[in-house]
Amino acid sequence: MADSRRGFLLRAAAGSGALMLSGCTSLSQQSWVVNILDEVENLTRRAQRLFAGSHALAPEFAKADIAPNFRANGTLNPATADYAAHAANGFADWRIAVGGLVERPLSLSMADLHAMPARTQITRHDCVEGWSCIGEWTGTPLALVLAAARPKPQARYVMFFCADPMGDPSAGAPFYYESLDLLEATHPQTILAYALNGAALPVENGAPVRLRAERQLGYKMAKYVQRIALVENFNQINGGKGGYWEDLGYNWYAGI
Ligand SMILES: Nc1nc2c(c(=O)[nH]1)N[C@H]1C(S)=C(S)[C@@H](COP(=O)(O)O)O[C@H]1N2
Ligand SMILES: [Mo]
């Protein structure tokens, strides 16, 4: 793992209090992070070996480059009673389940995510429809969450299941979903973002939490994330192509 990542995780851990992964042991955040860093390192090495790639960073920008209004696209407000109830309640009961091929399944509250070390990055979002937008994102590095869940050796991909139905759910419309390989999932700029430009993530941009994977096109970055699953392949999931748009013909690999 790059020293820069170890540095920011340790700095982020230094100032804060206790971490509680619900249903699990509570440790001081400092010792938790030091322990988890070795796991992040092992996971990163495994991912780089598996997918023969690197963790080269996407460009980051200055505050002055931030667009005054970050454009929104795709679902702007998930059309379910369940989501409306969560939104009305300020997402206080929102949870992200982390399961599949992991040694330690997790159920993370928003407070759990906020208690973990955070990363902030100013990046450019590129949508295949032909627009770009620069915004500042803050969230929990996905690598930390994965390391805490401990992917089993067979795990190769990370699936993200979202709260928004892409049509009429009673008529069997699928919900948005996406996937990344373990290399992209453990990249230091891949975060579960809960803030945009210093404020809580707006509903139209994926509240309360959306994926940012900065070397990828916009459609890979799942909004309204509710469940994460480690898998060996995605042949049996929905249309079998690894994502909502992929099932409709987009490329699974969407590196920029
Ligand atoms: N759950 C969900 N995630 C999604 C989408 C969506 O419709 N639903 N659209 C994708 C597309 S095509 C883009 S460009 C970005 C848009 O993110 P934004 O609304 O923050 O601009 O989200 C991606 N993630
Ligand atoms: Mo997009």
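**A lysine in a loop, and what lies around it**

Modeller: Let us start with Lys220, which is found in the loop between β11 (210-212) and β12. The names come from DSSP runs numbered from the N terminus, where a helix is a run of H or I with at least four residues and a strand is a run of E with at least two. This is a predicted model, in which local features need pLDDT of at least 70 and side-chain atom pairs count only at pLDDT 80 or more, while totals for chains, interfaces and linings use all residues. Residues are numbered from 1 along each chain as its sequence is written, chains are lettered from A and ligands numbered from 1 in the order in which they are written, and side-chain values use heavy atoms, with hydrogens and water left out.

Biologist: Is Lys220 buried or exposed?

Modeller: Lys220 counts as buried because its relative accessibility is 1%. Buried means under 20% relative accessible area, exposed means over 50%, and partly exposed is in between, with a 1.4 Å probe and protein chains only.

Biologist: What lies by the polar side-chain atoms of Lys220?

Modeller: The backbone oxygen of Trp252 lies 2.8 Å from a polar atom of the Lys220 side chain, and the backbone oxygen of Ser179 lies 3.1 Å from a polar atom of that side chain. A polar contact here is a pair of N or O atoms within 3.5 Å; within protein, one must be able to donate a hydrogen and the other to accept it, and residues adjacent in sequence count only if both atoms are side-chain atoms.

Biologist: And which residues is Lys220 in contact with, leaving aside neighbours within four places in sequence?

Modeller: Lys220 is in contact with Glu178, Ser179, Leu180, Leu211, Glu246, Trp252 and Ala254, where contact means heavy atoms within 4.5 Å.

Biologist: New topic: what is the order of the strands in the open sheet?

Modeller: The open sheet has five strands in the order β4-β3-β12-β7-β8, with mixed pairing. Its edge strands are β4 and β8 (175-181), each of which pairs on one side only, and the twist averages 20° from one strand to the next. Two strands pair if DSSP finds at least two bridges between them.

Biologist: Which of those pairs are parallel and which antiparallel?

Modeller: Strand β3 (residues 95-100) pairs with β4 (residues 106-109) in the antiparallel sense over four bridges, and Leu108 in β4 is the bridge partner of Ile96. These two strands, β3 and β4, form a hairpin with five residues between them. In contrast, β3 and β12 (residues 225-231) run parallel and are joined by four bridges, with Ala97 opposite Arg227 in β12. Strand β7 (residues 157-165) runs antiparallel to β8, with six bridges, and Val158 has Leu180 in β8 as its bridge partner.

Biologist: What does α5 touch on the sheet?

Modeller: Helix α5 packs on the sheet and touches β3, β4, β7 and β12, and its direction makes about 140° with that of β4. Axes are lines fitted to C-alpha atoms, for helices over the stretch in contact, and angles run from 0 to 180 degrees between N-to-C directions. Helix α5 (residues 142-149) is mostly covered, since eight of its eight residues are buried. Just after α5, Arg150 takes a positive phi of about 55°.

Biologist: What about β5, how many of its residues are buried?

Modeller: In β5 (residues 119-127), seven of the nine residues are buried. Nine bridges join β5 to β6 (residues 131-141), and the two strands run antiparallel, with Ile122 opposite Glu136 in β6. In their hairpin, which has three residues between the strands, Gly130 takes a positive phi near 100°.

Biologist: Last topic: which residues come nearest to ligand 1?

Modeller: Of the 22 residues around ligand 1, Arg71, Asn73, Asp164, Asn205 and Lys223 come nearest, where a residue is near a molecule or strand if one of its heavy atoms lies within 4 Å of it. A backbone N or O atom of Asn73 lies 2.8 Å from an oxygen atom of ligand 1, and a polar side-chain atom of Asn205 lies 2.9 Å from an oxygen atom of the ligand.
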